[in-house]
Amino acid sequence: MNTAKDYQPYQEGRILFQTQVNAFAPDLDHSSNSLQDGETYNAVTGLLMLPKTYSPSGKKTTLVMLAHGADGYITETVWRDNNEQWLKMVDMLLEAGYAVFDTNTVKDNGNAPYKAPGMPQTVQSYYKAYRHCIDHYNLSDQIITVGCSMGGLAALNFAFAHPNAVSGVAFFAGMIDLRNQGWIRQLKSTRAHVAACLNFEKKETYEKEDYEEDKACPYDPMKKIVTIDGREYVFAPCPPLKFWHGLADTILHEIDSNRRFIHAVRNAGGIAEMREVEKAPHALARGVFTDTDGNEQTFVVEELICWMNRIAKG
């Protein structure tokens, strides 16, 4: 861990960096008397942006993990296709005094979107990027994760895997149901990504019925819901949650899974909120979005900042 005098100074714009992440998926079901785990490290590109209020000494800047969705990736010149509304959201977070980071996954380093939501390799990619950021810059050890669309699973599974590192989890049209949202409703190509990450039985193509519940269970937040006397609970350590979801979302429209998870967290005494937004399509996943009336809206990002301020600043 660097001392204050070693932290990097402020740098404007996108700061690109590389981490080494193990892409090997161990075969836990193999019973042979031979090695079934290994290390295959690949370089993964990450991205950090600092607010103008950042200083390499003194008070630490709060860091936000901004987990992009299925169509997002990072290269030297591109971040989530350089979508104008996405970048407006980032500017709003920076203006509010937050640093933000994102990363590719170890399975794809920026050549194309990789659709493996919340898989262990994805979570590890984010963890290595997080460690790089806090080791080299004067940033908070506890971060806020924000999951956008498919990035919702990464944001929540990161929090479950590293509870001491996360003070809050937010979702913009976030996916949290691996089976129903991340497998059944997806294309075969997406299912193939998930199957490869979790060592499903190898097949030419993957049908809906090829989902292997036992292997996927640890990475599906919905499996953390338990039922006692007809009432559902989430007892797993869970930081404060807030979901924003559009009622005009026709892409990730299985909103009942999100409602159910929120209620189960509340039943166990956790802090969880869900904000359902009329006239908001799936583009709400970019934070700044155009509603069904054709008007550009920024209010959900403003609400996110207010919510984060309560957590980070009290």
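**A mixed sheet and the helices around it**

Asn-82 sits in the loop between β3 and α1, with helices (H or I, at least four residues) and strands (E, at least two) taken as DSSP runs numbered from the N terminus. The model is a predicted one, in which local features need pLDDT of at least 70 and side-chain atom pairs count only at pLDDT 80 or more, while totals for chains, interfaces and linings use all residues. Residues are numbered from 1 along each chain as its sequence is written, and side-chain values use heavy atoms, with hydrogens and water left out.

With a relative accessibility of 30%, Asn-82 counts as partly exposed; buried means under 20% relative accessible area, exposed over 50%, and partly exposed in between (1.4 Å probe, protein chains only). Ala-173, in the loop between β6 and α4 (180-184), likewise isn't a glycine and has a positive phi of about 50°. Ala-173, however, is buried, at 0% relative accessibility.

Now for the sheet. It is open and built from 8 strands, ordered β1-β2-β4-β3-β5-β6-β9-β10, with mixed pairing; two strands pair if DSSP finds at least two bridges between them. At the edges are β1 (15-22) and β10 (272-277), each of which pairs on one side only. From one strand to the next, the twist averages 20°. Helix α2 (residues 120-136) packs on this sheet, where it touches β1, β2 (41-49), β3 (63-67), β4 (99-103) and β5 (143-148), and its direction makes about 130° with that of β1. Contact here means heavy atoms within 4.5 Å; axes are lines fitted to C-alpha atoms, for helices over the stretch in contact, and angles run from 0 to 180 degrees between N-to-C directions.

Two of the pairings can be followed residue by residue. β5 and β6 run parallel, joined by 6 bridges, and Val-146 has Ala-170 in β6 as its bridge partner. β9 (residues 241-246) and β10 also pair in the parallel sense, over 6 bridges, and there His-245 is partnered by Glu-276 of β10. As for β6, 7 of its 7 residues are buried, so this strand is largely enclosed by the rest of the structure.

Thr-103 belongs to strand β4 and is buried, with a relative accessible area of 0%. Beyond its neighbours within four places in sequence, Thr-103 is in contact with Val-44, Thr-45, Gly-46, His-68, Ile-74, Ser-125, Tyr-126 and Ala-129.

Helix α3 (residues 151-161) has 10 of its 11 residues buried, so it too is largely enclosed by the rest of the structure. The cover over those buried residues includes β3, α2, β5, β6, β9 and α7 (255-267).

Helix α8 (residues 299-312) lies across β3, β5, β6 (166-172), β9 and β10, and runs at about 170° to β6. The axes of α8 and α1 (residues 84-95) come within 10 Å and cross at roughly 30°. That makes the two helices roughly parallel (angles under 35 degrees count as roughly parallel, over 145 as roughly antiparallel, 65 to 115 as roughly perpendicular and the rest as oblique). Met-89, Met-92 and Leu-93 of α1 meet Val-301, Glu-302, Leu-304, Ile-305 and Met-308 of α8. By class, this contact has 7 nonpolar, no polar and 1 charged residues; Ala, Val, Leu, Ile, Met, Phe, Trp, Tyr, Cys and Pro count as nonpolar, Asp, Glu, Lys and Arg as charged, and the others, Gly among them, as polar.
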